[in-house]
Amino acid sequence: MTEHDILIVGGGLAGLAAALSADPALRVAVVSKVHPLRSHSVVAQGGINAALGNNPDGRDDSWEKHAFDTIKGSDYLADQDAAELLCRMAVPAILELDGWGAPFSRFPDGTIAQRPFGGAGFPRTCYAQDRTGLVLLHTLYEQCVRRGIAFYDEWLVTTLVVRDGRCLGLVAFDLGSGEVMPLRSRAVIFATGGYGRVFLRTTNAYINLGGGIGMAFRAGVPLKDMEFVQFHPTSLHGKNILISEAARGEGGYLVNNRGRRFMEDYAPKTMELAPRDILARAIQTEVDKGHGFADEYVHLDLRHLGKDKILKRLPGIRDICLNFLGLDPIDAPIPIQPAQHYSMGGIDVDVDCASPVEGFYAAGECACVSVHGANRLGGNSLLEAVVFGKIAGASASRYVKGGSPPAAAERAVDEESRRFRDRLAEIRRRDSGENVFGLFNRLKAVMSENAGIFRTEKPLGRAREEIRALRDAAPKAYIYGSIGKYCQELLILAEFGYMLDVAEAIVQGALLREETRGSHYRRDFPVRLDDHWLKHTIVAWTERGLETSYRPVKTDKYKPQERKY
Ligand SMILES: Cc1cc2nc3c(=O)[nH]c(=O)nc-3n(C[C@H](O)[C@H](O)[C@H](O)COP(=O)(O)OP(=O)(O)OC[C@H]3O[C@@H](n4cnc5c(N)ncnc54)[C@H](O)[C@@H]3O)c2cc1C
């Protein structure tokens, strides 16, 4: 059996940042179900926040102002110590990336360029045109290769092995050879990304199923604030490919079918640069009022920016419009609609990225340290992945160096590997049943219809019933094709149970939270209720079902105020 000191699951920004900060004397490896450079981080477009103060309009910026914007943007649900840590670490993190050669766009004076983003008091989003994720991921991967970090590419992790509250390793499935791989490790870091594909309309890649979050949950790690799901205001109509906030940061207008910049009615001061929750609701409201186009979308107009600016600052956005709609934003407005985009909630960890299970850590989008609270600001997620990825690597290293190897790890990992092999054999023997994709599509439709931008009790209750019905159907799911190498149906089936856990945790949190805060909008409870609901939702898996409890939010510095933009 292969043995490691630290195994990192995920080759996106958080996973690679963790690998680079882990103690080089330890045996560290990264496991990823796709080649690391195909991780979802690669598509991030708009940028990464840090109060560098390079933009002439941002000279008075500071990490404290960045922290305040983040906390206000979170609708005061972020833990303030965590948000402060994120913003304090932002400037050195960007300088480190710059030092490693990340090709950031530059101002004429040679400093890293910064653009305005939603909910930010100053233009503090650093970028590389509209391909920021791509350049950052390549930069970190290059450093990992330079340092000889071991990679297990195209291995799907199926089980987190925990016994008596201690993490012992993993079970993985080599997609190329079809072999089940037992992996013993003294510490494990999950950096498995978001769960966007639990919804029908999402900007997320096909690989973002959320399995890592469900896996940790089933192994005894609670989930935090799962009801807070970010819907991005501007995805390409019908395709739901992201049209980055950078387009509005550079000056794009949102316009309804009457030719009006309707944000005047929703956020008169900040207009198109209001936070995403406010914008997504405004767009959906316009469409619902009959002020949209084809009852589905509004326009994002970039034409007044001019050809030169679009070609220089937003070339990727233009390519997306040309390739997927045959439309050139230099000459025509872009049809856009909101779509699921980001998971504020996730695996419950503290500011050291440590979970209640000894030796188990999480970082990046799969984790909830609680820096985004009820609504994330654009540009803060790449930052979170880099900053907390680094912290996770250092924390796991300290843990391994300070403790002794667990007893009986090999037996437990073997046991779980055998269990997965038996499950595979049983799946192969099935000769009828509902197709995996059928079940998957049912789940996505249920979530988008009932747990979307606007929520009420009855549809949420319906979603919970449907998810439970899917739980009954899932063990009989049938794979139509041959179960050979890289079998997509098998990959989805391996994570489907975990996706149901994620979906139920979202719906349960949303049903119970009878208020409106950030991205969680209850039509039947349309105001924020700090007296009762200024608290984190914690959901734990038990044999009897999901158990919910609450934890106070750390609000030591900034008193919650009404959010006005
Ligand atoms: C279109 C788009 C644009 C965005 N633009 C921005 C932006 O401009 N600025 C910003 O701040 N944020 C942006 N975001 C958000 C940001 O990109 C992500 O939150 C961030 O990149 C997540 O990084 P991560 O390392 O946590 O996860 P990911 O990059 O998603 O990596 C997850 C990794 O986990 C692996 N994995 C998952 N499950 C398993 C398993 N079971 N077994 C093995 N491996 C597994 C995957 O293979 C992958 O390597 C954007 C998001 C989208 C969807």
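## Arrangement of the two domains

The C-alpha centres of domain 1 and domain 2 lie 31 Å apart in this predicted model. The assignment, which is automatic or taken from a database, gives domain 1 as 1-45 + 130-228 + 344-525 and domain 2 as 234-339. Residues are numbered from 1 along each chain as its sequence is written.

In the predicted model, local features need pLDDT of at least 70 and side-chain atom pairs count only at pLDDT 80 or more, while totals for chains, interfaces and linings use all residues; side-chain values use heavy atoms, leaving out hydrogens and water.

## Interface between the domains

Contact (heavy atoms within 4.5 Å) involves 16 residues of domain 1 and 24 residues of domain 2. The buried area, meaning the accessible area (1.4 Å probe) that two parts lose on being put together, summed over both, is about 1,600 Å² between the domains, and carbon and sulfur atoms give 52% of this. Of the area that domain 1 buries against domain 2, 38% comes from Gln 45, Asp 130 and Arg 201, more than from any other three residues.

## Surroundings of the ligand

The ligand is surrounded by 37 residues, where a residue is counted if one of its heavy atoms lies within 4 Å. The closest are Ser 39, His 40, Ser 41, Glu 365 and Ser 381.

Polar contacts are pairs of N or O atoms within 3.5 Å. A polar side-chain atom of Glu 365 lies 2.6 Å from a ligand oxygen atom, and a backbone N or O atom of Val 157 lies 2.8 Å from a ligand nitrogen atom. A polar backbone atom of Gly 379 is 3.5 Å from an oxygen atom of the ligand.

How values were computed: A polar contact is a pair of N or O atoms within 3.5 Å; within protein, one must be able to donate a hydrogen and the other to accept it, and residues adjacent in sequence count only if both atoms are side-chain atoms.
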